[in-house]
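Q: Can you walk me through this one? I'd like to start with the aromatic rings, then go to the inside of the fold.

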Amino acid sequence: MSAHNDIDRVSGRLTTGHEWDGIKELNTPLPRWWVLTFYATIIWAFGYWVVYPAWPLVSGYTTGVLHTTNRAAVTANLAQLEALRGEKMKALGTASLADIEKDPALLTLARARGKAVFGDNCAPCHGSGAAGAKGYPNLNDDDWLWGGSLDQIMQTIQFGARSGHAKTHEGQMLAFGKDGVLKPDEIVTVANYVRSLSGLSTRNGFDAAKGEKIFAENCVACHGDGGKGNQVMGAPNLTDKIWLYGSDEATLIETISQGRSGVMPAWEGRLDPATIKAMAVYVHSLGGGK
């Protein structure tokens, strides 16, 4: 009997004739259904290559018999969606902010549209839940540098802060140390005084009277008497325990020494007026709007 006709005594199957250390390889063909399925997938793949875009070329790609692309399909779907939204967004664009707040249908549309646009444009800085981060305001609380009314929020979204737009919010935290206005020991003293305004602990030996004097001479012009802030200038309230960059002594010393001048981009020109209104309504609805 040849090796190819050798039958394994245990399984009763033919072997391939291969043997390793006394172990013989059984000749077990793949099931016919599996083989046919495998061939069918090969035929399907060739068909797909012919019908749809598939192969990269030197300066492009094969477009396929149907000349279709996912990008074109998505573009068409988005165009259809915008067409459906057209009349409603037109109504949103012509309505005032006060009218939008009073109209349940427009309000629902504005919040839904605003939430989607916020996720695409604002979440990278303010977070997906608008809770903010170091240097980026939390939009859920009621502490607003430039005001939290609907009109004020919309103005900030439109023109930004220190964005370069002609109507942008201006004003920045001066660099009292870098510019030589205050000495290092004076900066430490006024930093501790600022901490005391919101009930935070101060270092041993802190001279409160000296800190108050330095604050009055250098900080009151923007932050106001008692450090209550000034929305016209974008100067934060220093007594509410809400801190954009942090309230620890080291961070306050850095802020006073080096200054702060964060930028909020202007969205006018990037987003259409109706979308800006929708975003203002959405931000106002987060809970912190006034």
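**Aromatic pairs and the interior**

A: The aromatic pairs come to seven, where Phe, Tyr and Trp rings (the six-membered ring for Trp) pair if their centres lie within 6.5 Å. This is a predicted model, so local features need pLDDT of at least 70 and side-chain atom pairs count only at pLDDT 80 or more, while totals for chains, interfaces and linings use all residues. Residues are numbered from 1 along each chain as its sequence is written, and side-chain values use heavy atoms, with hydrogens and water left out.

Q: Why is the W49 and W55 pair edge-to-face?
A: The ring planes of W49 and W55 are at 65 degrees, with the centres 5.0 Å apart, so the pair counts as edge-to-face. Planes over 60 degrees apart get that label, those under 30 count as stacked and the rest as tilted.

Q: Which residues do ring pairs link into a cluster?
A: W34, F38 and Y39.

Q: What does UniProt list for residues 33-51?
A: The unreviewed UniProt entry lists residues 33-51 as "transmembrane region"; such annotations may be inferred rather than shown by experiment, and positions follow the numbering used here, with feature names shortened. In the model that span is 100% helix and 0% strand, with its end C-alpha atoms 26 Å apart. Helices (H or I, at least four residues) and strands (E, at least two) are DSSP runs, numbered from the N terminus.

Q: Back to rings. Which residue lies over the face of Y245?
A: R260, at 4.1 Å from the ring centre. R270 lies over the face of W267 at 5.2 Å. The rule is NZ of Lys or CZ of Arg within 6 Å of the ring centre and within 35 degrees of the ring normal.

Q: New topic: α6. Why is it called largely enclosed?
A: Seven of the 10 residues of α6 (residues 150-159) are buried, so the helix is largely enclosed by the rest of the structure. Those are L150, I153, M154, T156, I157, Q158 and F159. They pack against α3 (97-102) and α11 (273-285), with contact meaning heavy atoms within 4.5 Å. After α6 comes G160, with a positive phi near 75 degrees.

Q: Which residues have the most contacts inside the largest nonpolar core?
A: L92, I100, F118, I157, M279, V281 and V283, in a core of 33 residues. A nonpolar core is a set of buried Ala, Val, Leu, Ile, Met, Phe, Trp, Tyr and Cys residues joined through side-chain atoms within 4.5 Å. At least two residues each come from α2 (70-94), α3, α4 (104-121), α6 and α11. The largest share, eight residues, is from α11.

Q: What does I100 touch?
A: Leaving out residues up to four places away in sequence, I100 touches L92, A95, L106, L107, A110, K277 and V281. There is also a second, separate core of 14 residues, including F176 and F215.

Q: What does the side chain of D6 make a polar contact with?
A: The side chain of K24, at 2.7 Å. A polar contact is a pair of N or O atoms within 3.5 Å; within protein, one must be able to donate a hydrogen and the other to accept it, and residues adjacent in sequence count only if both atoms are side-chain atoms. D6 is buried at 19%.

Technical notes: Buried < 20%, exposed > 50% of the residue type's maximum accessible area, 1.4 Å probe, protein only.
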